[in-house]
Amino acid sequence: MGSLFRSEEMCLAQLYLQSEAAFACVSELGELGLAQFRDLNPDVNAFQRKFVNEVRRCDDMERKLRFLEKEVKKDNLAIDDTGENPPAPLPREMIDMENKFDKLETEMKSVNSNQEALKKNFLELTELKHILRKTQQFFEQAALYQQDQETHVPQQYDDETPLIASEFSRSFNRFGFVAGVLMRDKISAFERVIWRACRGNVFLRYTEIEAELEDPHTGDKVNKYVFIVFFQGDQLKSRIKKICTGFRATLYPCPETPQERREIALGVMTRIEDLQTVLNQTADHRRMVLSQVALNIRVWLIKVRKIKAIYHTLNLFNKCLIAECWCPVVDIDRIQLALRRGTELSGSSVPSIMQQMQTKENPPTYNQTDKFTSGFQAIIDAFGVSNYREVNPAPFTIITFPFLFAVMFGDMGHGLLMFLFALYLVLKENRYMKHKPEDEIFKMMFDGRYLILLMGLFSIYTGFLYNECFSRSINIFGTSWNVRAMNFTDNDVFLATNPVVTLDPNKPGVFRGYPYFYGIDPIWQSAENKITVQNSYKMKNAVLMGFAQMIFGLSLAFCNRRHFKDKLTLYCELLPQLLFLCALIGYLCMCILYKWSVWTVAQSNTAPSLLIGLIDMYMLTDPKSNNRVPLYTGQYQVQIFLVIVTVLCVPWMFLSKPYILYKRSKQKKGVQHNRLWYTCLDSQSDDDVAILHHENNDANYGKQEPESLLIIMLISQFDMSEVIIYQAIHTIEFCLSCISHTASYLRLWALSLAHSELSEVLWSMVMHTGLATSGTSGAILSFFVFWFFSSLTVSILLVMEGLSAFLHAIRLHWVEFQSKFYKGEGYIFSPFSFTLI
Amino acid sequence: NKVSSFKIKLENGGFLEGLVRGFKNGISKEDYRHLTQCDTLEDLKLHLQGTGYGHFLANEPSPLTVSVIDEKLREKLVIEFEYIRNHAYKDLATFLDFIKYSYMIDNIILLITGTLHQRQLSELLPKCHPLGIFDQMETVTIASTTADLYNAILVDSPLAPFFKECISEEDLNEMNIEIIRNTLYKAYLEAFYDWCQQKGGATADVMCEILAFEADRRSIIITINSFGTELTKEDRAKLYPRRGKLYPDGLLELSKADEYEAVKRVSELYAEYKPLFDGTGNNPGDKTLEDKFFEHEVTLNVNSFMQQFQYGVFYSYVKLKEQECRNIIWIAECIAQRHRAKIDSYIPIM
């Protein structure tokens, strides 16, 4: 296993595969997932590659399987998921699989078409049944109406009984009629068209079929109407029939007399029953076939996908099955083992050969991660994948990220909640790994569970330091302050008039001489000037931590330079950068620490201001001349020296590197001209020598030929202006960023202040009101207030505040920390692996 | 007040416009070059998988036929269009319906012609464009005269307003149908043009340009096709849509034309159409006038995508997709019939 500090060493290897063993070898490599194959024929079309036919066959198999899967899902059968991972079958098994799937597909299709035909038959019969039933109603109504009218003479026409209806009912025997079934959504259009096309000479009745019918083709439920049209004459009949076909209505023969109708109805009923049994049998058969399919379909799908992936990979190889791949150097043995296994499996006698190649190309970046580090690596990769073998900030991020987060989120209680949530995810990890969570946000949290765990842990730690638990302080070790020592008597006038008293640490006994054992003294919780005091601490802390992280970033840059043997940048860029940062910010940090440790309470009235001191330093004024107390003796001289160093660093950074590069290129040009001239002379004077020279070169540099050397020289011509501009930008950027990045670290203080204030507000405005009420009503109120308080704590303080602190921590890492050393211009290693498909 | 107007525009169709712009990306020039190199339809399918068309053929068993490809391409377009139509409301819905009307006209004419030639309805229906299907469509076969057609069937359909001019008691015959088709189209184009004009703004700018060209193209084609038929010049003049650039002077001249050269002379007076007539001919290697028209149409439609917040993109999207489908089908036909000489004469979409 490699370390996270740098990405794995990679090498470009060439594989010579025997044609019969190639499939098995690639299959083994796919299971291993350690080799990234390069496309060796990028200008060949997808359909002109070697194994395109096999890929197509796989496509076809996949299509059949998809069809079968759809059928299985249609029947609501559970697909068997054993989690088994079958190896890719050998190519000769492909034909068997094809045959099997083919047989299943044709069987399924025939079952389906059978079923469809049966269902269609069934549908027709049911429709006929409904027609008979409904028309019966029409006829009965008509008969009733007739009787009605005979009894009620003289008849009256009101608006609701249409003229035609009455005429028809008197003599409906003379009319012909057509009965049928129509889709519900078409009925109104149908009615209108029929009315218009027949010029109102027909009579249409329709009614809805209550039961939903099943469309035999799609299997959807549809609503239909039964209609009956009465008309006179053959011409109208043919016209109506045409309209019916136009609207895709199905027409059924319907006898005129009630007796015949009853007979047919009886016949229909028995036939429906028969059909129902046949339908059940087909459904059983179908279910049997499908349950067989459901058992195996997952394994089949995996197999087919694997075969397809293998052929896709084989398509990347060149015509003689020579492959090029990137692989980690440490895993070469495992790859070779896999190749040997593949060769043995295929039964080929000639072994596959693997050979390392020299190359000028940038290898991909491969960081081996596990479930713990992957979350942190993801944060880094989101900014940019590191260059090959560049220092990877991920291992440091594991600690610095949760720490900086916790500085902004310091609260024991909130940290504990966060920790417990992450702990739950970690403990239930196996369950969630198996059943991937669907919810995107939850998935993100789950992926970062170890990050959240550490964030919670560090928050508890900083919470202890800030002495805050849901904004309350805990008094464990006993405060260092003593109010009694102020010698107030019980009826002191001062106490009676002033709500606030000042504790003077200079009075003996008020401050016990040594601070609270750990973190901030709980007495500050009740102090009026709590925020002012804490601000001073937190601000200075932020600067100290910022400086530490930036210096650390620069030291990582040293590692990079030494690793890449870039002495020029090391001495001409990094060294002045380091000096600049130390002289500017480092000195400030030193002052902070000095003042904290040397200046005591007794001198607090005369203590110099650090800010004024810093301004004086750059105004080059002696603190004594303004009657200010110096921080330490010799301050003026030290400061003058540091300012000179700072100023000198700027031209050092800016000019030295371009100058040396310029010198070097001048030298090189002279040498190259000479060498070129000699080569030309050689080839002119004696061809044999030139050829010999050529061969020598070949042997020495592999692919590098004299011609290509010449081209490289021409390309890499030195461009002075570009170098200067580049260097100027870098210098300016660094100098400015020293100030701005330090200022940027103050967000640590700002967010921490915001967090503690917000939780304070939540406590005093919500929870405190509940607890302050006494008696039974207070108990009930507390009960409800607690729900309010806890939900607000989770939603605002944990989720919202946590998210904002998270974002700021990310920014501090990406911008302030990584800009010091990280290039992030690499590309990620994406090996051919079956687990990814 | 730009922000508020922007907002209003966004509310009505901003989302859909974005969608359409996404749908538009289909096949690049490079892809066309690759497609023409395919040897079989299977190759074509494989290559189309890598384009914006994706896996639309993935569930089709081989062997593939051109008609299956055609059907699937059309199905894809229809699904996309119906999705947009279902999300549109107010003006945009009307606009999209206008696009559909032209397909309805084609479908009706197809059905009537089919019935005249004693074809079965079931045989004709698959040939109808799915965008132009409406409830009463399939009953047009019962009509024997145009008045019948209108009174019984089309009066309820959205096409009714376009039908006013062609009602007569004459029986339906081949000549009649052509006249109906062109009169319908004329009425449709004029209505569409007027609607866009009244809508104003960028929609009017873009759409009037396109529709004017469409109108002129029809006038020119009608004139050329009428040579040697029984159609009188007066009748012919009635079929010209009166919204194009040729209206009114050009159409007057066109109605007098007797031969191809005369049409050419008239068209050459217009700067837009002059280049279309140059270099056309029936010699091998020459492009036909029709192809030139198509190319010009494509240019206009592509230009319509240059402007935002207007409905022209929807029209152009449908037309461009159709052209793209025609191109794919053309290439597929050439491959299927092993007729590679003409495979390059598709109309590229820039």
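**Pockets, cavities, a helix and a sheet**

Colleague: How much space lies in the largest pocket?
Modeller: About 1900 Å³. Keep in mind that this is a predicted model.

Colleague: OK. How many residues line the largest pocket, and which lie nearest its centre?
Modeller: The lining has 49 residues. Trp481(A), Phe511(A), Trp524(A), Val533(A) and Tyr537(A) lie nearest the centre.

Colleague: Which elements of chain A each supply at least two residues of that lining?
Modeller: They are α10 (394-408), α14, α16, α17 (567-598) and α23.

Colleague: And which gives the largest share of the lining of the largest pocket?
Modeller: That is α16(A), with 10 residues.

Colleague: How does the lining of the largest pocket divide into nonpolar, polar and charged?
Modeller: There are 31 nonpolar residues, 13 polar and five charged.

Colleague: Let's move on. How much space lies in the second largest pocket?
Modeller: About 1300 Å³. Its lining has 44 residues. Nearest the centre of this pocket are Asp106(B), Arg181(B), Tyr185(B), Arg217(B) and Arg218(B).

Colleague: Which elements give two or more residues to that lining?
Modeller: In chain B they are α5 (66-87), α6 (90-116), α9 (174-199), α10 (201-226), α15 (289-304) and α16 (312-336). α9(B) gives the most, with nine residues.

Colleague: How many residues of the lining of the second largest pocket are charged?
Modeller: 14 are charged. Another 22 are nonpolar, and eight are polar.

Colleague: Where does the second largest pocket lie, in terms of the domains of chain B?
Modeller: It lies between domain 1 (90-173) and domain 2 (175-278), because both give residues to its lining.

Colleague: New topic, cavities. How many of 30 Å³ or more does the structure hold?
Modeller: Four. The largest cavity has about 60 Å³ of space.

Colleague: Which residues line the largest cavity?
Modeller: Lys530(A), Ile531(A), Gln534(A), Asn535(A), Lys538(A), Leu753(A), Ser756(A) and Glu757(A). Two helices of chain A each give two or more residues to this lining: α16 (530-563) and α23 (747-772). The largest share, five residues, comes from α16(A).

Colleague: And how does the lining of the largest cavity divide into nonpolar, polar and charged?
Modeller: Two residues are nonpolar, three are polar and three are charged.

Colleague: Back to α14(A). How many residues does the helix have, and what does it reach from its first C-alpha to its last?
Modeller: It has 18 residues, 449-466, and reaches 25 Å. That is close to the 26 Å expected at 1.5 Å a residue.

Colleague: Why is α14(A) said to be largely enclosed by the rest of the structure?
Modeller: Because 14 of its 18 residues are buried.

Colleague: What comes just after α14(A)?
Modeller: Asn467(A), which takes a positive phi of about 55°.

Colleague: Last topic, the sheet in chain A. In what order do its four strands come?
Modeller: The order is β2-β9-β1-β10. The sheet is open, and the pairing is antiparallel.

Colleague: Which strands stand at the edges?
Modeller: β2 (36-37) and β10 (353-357) of chain A. Each has a single partner strand, so one side of each is left without a neighbour in the sheet.

Colleague: How many bridges join β2(A) to β9(A)?
Modeller: Two, and these strands run antiparallel. β9 of chain A covers residues 322-328.

Colleague: Which residue in β9(A) is the bridge partner of Phe37(A)?
Modeller: Cys325(A).

Methods. Residues numbered from 1 in each chain as written. Chains lettered and ligands numbered in written order. Predicted model: local features only at pLDDT ≥ 70, side-chain atom pairs only at ≥ 80, totals over all residues. Heavy atoms only, no water. 1 Å grid on protein atoms, 1.4 Å probe; cavity = no way out; pocket = protein on both sides within 12 Å on 5 of 7 lines; lining within 4 Å. Points joined across faces, edges and corners; volume = space filled by probe spheres on them. Nonpolar A, V, L, I, M, F, W, Y, C, P; charged D, E, K, R; others polar. Expected span 1.5 Å × (residues − 1). Buried < 20%, exposed > 50% of the residue type's maximum accessible area, 1.4 Å probe, protein only. Domains from an automatic or database assignment. Pairing = 2+ DSSP bridges.
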